[in-house]
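Thank you for making time for this one.

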Amino acid sequence: MKLPLSKIESATAGKKEVRLMLQHLLLSVEAKTLTATNGHIIAIVPVEPEEGDTSGYITVEALKAARKSKQGPRVNGSLEIVEGASFPRPTEEQDGKFPDASKVMPAKPDREPDLCIDAKLLLQLAEALNDPAARISTGLEMWFPDNYGSAIYCEGTAEGHGAIMPMRK
């Protein structure tokens, strides 16, 4: 499989997640996609499977090792890194069934986007307005202005507020 440019593994669940399938990515050779979810977000990116690749789970560790080798993993019965390590390939029988993305992923609307936000700036704002030591989930509450193009008012879980501008296309 040729590796995607995005770091899709960022959408997987952490090691403490009890639903083991959420710790992995799911390769669909038929759909030519790689899917990751932590149960709150889902990411699906196109990939180019290579001859011999089979659909199934890919571990985050194998994907990271493949990125270091700058070549995609061979994904058949195991996860083999070209000129590198081999990783066991988790199975649905071992780790459970991966969520059906078609049931949670909405279809792309046939219109222009409602909002475009620079993800790096959104992350910076979230970090600026949230307590990193908080035991509760951090997030941003957003109030959209009546006219597009104006700043969006935001509050985090810590005291304070901020704003982010929509991204220009």
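Strand β9, residues 152-155, and β10 pair in the antiparallel sense over four bridges, where pairing requires that DSSP finds at least two bridges between two strands, and where strands (E, at least two residues) and helices (H or I, at least four residues) are DSSP runs numbered from the N terminus. Within this pair, Cys-154 stands opposite Gly-162 in β10. This is a predicted model, in which local features need pLDDT of at least 70, side-chain atom pairs count only at pLDDT 80 or more, and totals for chains, interfaces and linings use all residues. Residues are numbered from 1 along each chain as its sequence is written, and side-chain values use heavy atoms, with hydrogens and water left out.

Both strands belong to an open sheet of three strands with the order β8-β9-β10 and antiparallel pairing. Its edge strands, each pairing on one side only, are β8 (141-143) and β10 (161-164). Helix α4, residues 119-129, lies across β8, β9 and β10, running at about 175° to β10; such angles run from 0 to 180 degrees between N-to-C directions, with axes as lines fitted to C-alpha atoms, for helices over the stretch in contact, and contact means heavy atoms within 4.5 Å.

Turning to the other sheet, we have an open arrangement of three strands, ordered β5-β6-β7, with antiparallel pairing. Three bridges join β5 to strand β6, residues 79-81, and here Arg-74 stands opposite Glu-80 in β6. Helix α1, residues 60-69, lies across β5, β6 and β7, at about 20° to β6.
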